[in-house]
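This briefing sets out selected features of one protein model. The sequence and the structure come first, and the notes follow by topic.

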Amino acid sequence: MADADDLLLDGYEQEEELGDHELEDEEPPPAAEQPIVTVDDAMTLAQARTLSGRRGARLVLVMGEAQTGKTALAAMLWQRFLEKDGIAGHRLAGSRTARGFERRAHWARLEARQPEARFPGTRLEDGAVLHLRVHRPDGVRVELLVSDLAGEQFERVREGRPLLDEIRWAARADRFAVVVDGKALSLRGESEIAVTRAQRLLLALQASNAVRDTARVALVVTKADALGVVGEQALARHEPALLDIAREADPDATWIRTAAAGRGGAEPVGLGDFVSWLCADDRPQPGLPDFDGLPTRSIAAFRA
């Protein structure tokens with residue numbers, strides 16, 4: 001089975017073969033839209049081109065080491081969409097990878113009555129890109145491709161391997177979510193380790209020059225409900241420095257606190273902030289007008 005990098009690059013190579021006139025085909029006349037749900041486990045970017053015509057899809061790279069909460073974040077976003085009519089006014093309109101989301105969310109359901117949900121780590125061979133179709137509160141449709149990659153890949157990046165050597169498609173991403181483990185922040189002896197790991201990922205992202213002018217970066221605190229006094233103090237000490245590094249790549253970089261899998265059945269928090277950030281308009285490209293009606297970047301940009 002090909003890994004996620006190979007699948008993504010195959011998609012981009014196929015895109016390179018298309019002429020400009022094909023990339024700029026007119027969209028078909030609007031029709032009554034039906035929810036799209038298929039049982040695929042993952043998607044390639046070649047498949048993503050069929051999602052929304054000229055608007056394309058938004059690629060999200062979630063960066064974090066093993067057991068930091070990357071999979072829980074994706075799984076519980078899906079679960080919350082199924083349970084509620086919407087998240088912060090955003091509504092689920094379908095998914096081409098429902099089986100992939102369901103497989104991940106299954107663990108949350110099994111652990112729903114436990115003091116703390118436990119998600120198995122993503123193995124290297126199981127790295128995937130998951131699809132969500134979301135309608136924003138203003139009615140604009142956004143196609144999201146959210147990565148769920150093995151923590152080992154980010155360990156190698158933290159230890160010095162260039163990001164684009166480890167994840168070759170990272171330069172095509174539209175959103176970079178760098179995870180900070182809130183539970184680890186609250187444990188004496190692990191707090192500084194958690195901060196250092198996030199810092200090294202940010203520095204690797206900065207050194208890679210992978211963040212496009214229109215892309216966005218966020219520091220996402222996972223397991224925020226586990227932040228104790230030690231964790232809050234650690235966050236207060238390190239928030240400004242980490243944000244300064246993130247803003248070298250994205251001047252609008254921000255912090256988002258989440259507790260996707262609430263302990264003891266507690267309500268998830270921060271998912272509304274997370275999905276709003278995912279679906280917000282791209283940063284305006286310097287020197288170009290900010291066209292209304294094009295909140296996601298064109299599929300043609302995948303060729304760059």
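Strand β4 (residues 128-135) runs antiparallel to β5, and eight bridges join the two. The model described here is predicted. The protein has eleven helices and eight strands, and buried residues account for 51% of its 304 residues.

**Strand β5 and its partners**

- Leucine 130 has valine 146 of β5 as its bridge partner.
- β4 and β5 make a hairpin with five residues between them. Glycine 139, in the turn of this hairpin, has a positive phi of about 90°.
- β5 also pairs with β2, in the parallel sense, over three bridges. In that pairing, leucine 59 has leucine 145 of β5 as its bridge partner.
- Seven of the eight residues of β5 are buried, so the strand is largely enclosed by the rest of the structure.

**The sheet as a whole**

- The eight strands form an open sheet with mixed pairing, in the order β1-β3-β4-β5-β2-β6-β7-β8. β1 (36-37) and β8 (254-257) stand at the edges with a single partner strand each, so one side of each has no neighbour in the sheet.
- The partner of β8 is β7: the two run parallel and are joined by four bridges. Valine 221 has arginine 257 of β8 as its bridge partner.
- Among contacts between residues at least 6 apart in sequence, 78% join residues at least 24 apart.

**The largest cavity**

- The structure holds two cavities of 30 Å³ or more, and the largest cavity has a volume of about 60 Å³.
- Which residues line the largest cavity? They are Val62, Lys70, Leu73, Ala74, Leu77, Phe101, Leu132, Val146, Ser147 and Phe274.
- By class, this lining has eight nonpolar residues, one polar residue and one charged residue.
- α4 (70-83) and β5 (141-148) each supply at least two residues of the lining. With four residues, α4 gives the most.

**Helix α11**

- Helix α11 (residues 271-279) has seven of its nine residues buried, so it is largely enclosed by the rest of the structure.
- The buried residues in α11 are Leu271, Gly272, Phe274, Val275, Trp277, Leu278 and Cys279.

**The loop between β2 and α4**

- Glutamate 65 lies in the loop between β2 (58-63) and α4.
- Is glutamate 65 buried or exposed? Its relative accessibility is 3%, and because buried means under 20%, glutamate 65 counts as buried.
- The side chains of glutamate 65 and arginine 158 are joined by a polar contact of 2.7 Å.
- Leaving out residues up to four places away in sequence, glutamate 65 touches Lys70, Gly151, Phe154, Glu155, Arg158 and Arg197.

**The loop between α9 and β7**

- Asparagine 209 lies in the loop between α9 (191-208) and β7 (216-222).
- Asparagine 209 is not a glycine, yet has a positive phi of about 55°. Most residues other than glycine have a negative phi.
- At 68% relative accessibility, asparagine 209 counts as exposed.

**The loop between β8 and α11**

- Alanine 259 is in the loop between β8 and α11.
- Alanine 259 has a relative accessible area of 3% and is therefore buried.
- How many residues separate alanine 259 and lysine 223 in sequence? They are 36 residues apart in sequence, and 4.5 Å apart in space, C-alpha to C-alpha.
- Leaving out residues up to four places away in sequence, alanine 259 touches Lys223, Ala224, Asp225, Pro268 and Val269.

Definitions and conventions:
Residues numbered from 1 in each chain as written. Predicted model: local features only at pLDDT ≥ 70, side-chain atom pairs only at ≥ 80, totals over all residues. Heavy atoms only, no water. 1 Å grid on protein atoms, 1.4 Å probe; cavity = no way out; pocket = protein on both sides within 12 Å on 5 of 7 lines; lining within 4 Å. Points joined across faces, edges and corners; volume = space filled by probe spheres on them. Nonpolar A, V, L, I, M, F, W, Y, C, P; charged D, E, K, R; others polar. Buried < 20%, exposed > 50% of the residue type's maximum accessible area, 1.4 Å probe, protein only. Polar contact = N/O pair within 3.5 Å; in protein donor to acceptor, adjacent residues only side chain to side chain. Contact = heavy atoms within 4.5 Å. Pairing = 2+ DSSP bridges.
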